[in-house]
Amino acid sequence: VDKDLELDATIPEFSPDVSRIVKVDCTPFTESVTVQDGKATLKGKAVYDILYETDYKRRLRCCNFVQEFSQTVSLPKSNAVNVQAFAETECERISCKLLSPRRVSVKVGLATSFDVESEVPTKAVAVTDDKSAFFRKKTIGFDGKTLKHESVYKFSESLALAQSEKAVGEIVCGRIDIRTPALTLSSGRAEIKSVATVHTLCEEENGEGKYFTSVKSFPISIDCSNEAIGEHKQISARLIPTEYSFAPELDQYGESRVIKSDFSLVLCLKINEQFAHTVADDMFEKSFDSTPVRATVSLPHAHSKTESSFSTESKLPPISPKPESLLEASARAFGTTSLAVDGGIKANGSFVVTLLCDTAEGVQSFDYPLPFEKV
């Protein structure tokens, strides 16, 4: 489902006036998903990051805003019980307008995917040791209800700059990317390993209006304990960075050549347990003259998650004004759809490539869609 949000916000008092908007981002977070009265309702927050040029020597600043939102969908009518829902939201389009030196208007389009699961009760013949009846038995397996486990972990890293990088005068803004985690499972325990990449846009020390981007990576390791975790269960993990901050620090020589990064990671585990039941496959009475009535039921079975890496490339059109240097390049996927085909799954969508460049007219941001298709 799609949802449009609009934010009319005033720049905080401690921030300088806006001369020109350079770039705006929106990151939606899911806080809760509830099911009630035949509807699933998501409640979340949208975090807006606005990078702008001030009216003083074209210096860059960044401000942040938070907006709460909700999204509701109606569920199909059925006799299902134990209904639960999961939801993930992403930002598919965004625009920002400068209303005055102190006011901005942001419009975004959010796309939310709901996953709903439930249990439908059905009657079956009970397999007992009753001597008046004979049974042919059969064991069937299926996946149980998805269990969700969330926990928060805090990290703090001091990242030294390379010798080729300038000393930091001020950190304008930054973000953290987390690589898809790898899992090692045992009974009641999961070891999650990933790599965190810190991107920071920095102003050079003693160089007003001169900027560079520092990119640093380091390993992340989390040891999570939960009694529902097991080696033979279907488990997926997501790491979501939140509440991050960046600040310059002095190194051992007294130079501002260290970036201190403090952030939190929300670990979201989804656990599917395998169940097995013994049922009556056939039944005979003593007289051997009864014919059993058969029915067919479908039981869920979760297949393992498969990851596939691929690359795509395209020549971008000429950029105007012409970049003097590239400060940052990033890409995000949107509008991804999947279709079952012979031999696998075909995924279609687009990457939006964002370039942050230093030009003769100041720092500029450029967006380019890059379609992809992968089987």
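**Entry 1: strands and pairing**

I call two strands paired if DSSP finds at least two bridges between them. The strands themselves are DSSP runs of E with at least two residues, helices being runs of H or I with at least four, and both are numbered from the N terminus. I also noted that this is a predicted model, in which local features need pLDDT of at least 70 and side-chain atom pairs count only at pLDDT 80 or more, while totals for chains, interfaces and linings use all residues. Residues are numbered from 1 along each chain as its sequence is written, and side-chain values use heavy atoms, with hydrogens and water left out.

A reminder to myself: strands of a sheet pair through backbone hydrogen bonds, either parallel or antiparallel.

Then I followed S2 along its partner. S2 and strand S3 (residues 39-54) are joined by 16 bridges in the antiparallel sense. Which residue in S3 is the bridge partner of Thr34? I found Thr41 there. I also found Arg20 opposite Glu53 in S3. The hairpin of S2 and S3 has 2 residues between the strands, and Asp37 takes a positive phi near 55 degrees in it.

Next I checked the loop between S3 and S4, where Lys57 sits. Lys57 is not a glycine, yet its phi is positive, about 55 degrees. Arg58 lies in the loop between S3 and S4 too, and its phi is a positive value near 55 degrees, again in a residue other than glycine.

Are these two buried or exposed? My scale is relative accessible area: under 20% is buried, over 50% is exposed, and in between is partly exposed (1.4 Å probe, protein chains only). Lys57 is exposed because its value is 53%, whereas Arg58, at 44%, is partly exposed.

**Entry 2: a surface patch**

I looked for a nonpolar patch on the surface and found Val35, Val83 and Val116, with about 180 Å² of accessible area together. Such areas come from the Shrake-Rupley method with a 1.4 Å probe, and for residues only the protein chains shown count as cover. Patch members have over 30% relative accessible area and no salt bridge; nonpolar side chains (Val, Leu, Ile, Met, Phe, Trp, Tyr) are joined within 5 Å, like charges within 9 Å. Val116 belongs to strand S6 (residues 103-119) and is partly exposed at 43% relative accessibility.

**Entry 3: salt bridges**

I count a salt bridge when a side-chain nitrogen of Lys or Arg is within 4 Å of a carboxyl oxygen of Asp or Glu. The structure holds 20 of these salt bridges.

I picked out Arg189 and Asp223, whose closest N and O atoms are 3.0 Å apart. This pair links distant parts of the chain, 34 residues apart, with Arg189 in strand S10 (residues 189-204) and Asp223 in strand S11. Arg189 is partly exposed at 32%, and Asp223 is partly exposed at 45%.

Glu191 and Lys193 also meet in a salt bridge, at 3.7 Å from N to O. Glu191 has a relative accessible area of 21% and is partly exposed; Lys193 is partly exposed at 47%.

Another pair is Glu249 with Lys260, at 4.0 Å from N to O. Glu249 is in strand S12 (residues 234-249) and Lys260 in strand S13 (residues 258-285), 11 residues apart. I also noted a network in which salt bridges with shared partners join Lys23, Asp25, Arg175, Asp177 and Glu328.

**Entry 4: a few single residues**

I looked up Thr213 in strand S11 (residues 211-225) and found it buried, at 19%. A polar atom of the Thr213 side chain lies 2.5 Å from the backbone oxygen of Leu327.

Arg179 is in the loop between strand S8 (168-178) and strand S9 (182-186), and at 55% relative accessible area Arg179 is exposed.

Last, I checked a proline. The peptide bond from Ser320 to Pro321 is cis, with omega near 0 degrees, and Pro321 is in the loop between S13 and strand S14 (323-341).

Notes: Polar contact = N/O pair within 3.5 Å; in protein donor to acceptor, adjacent residues only side chain to side chain.
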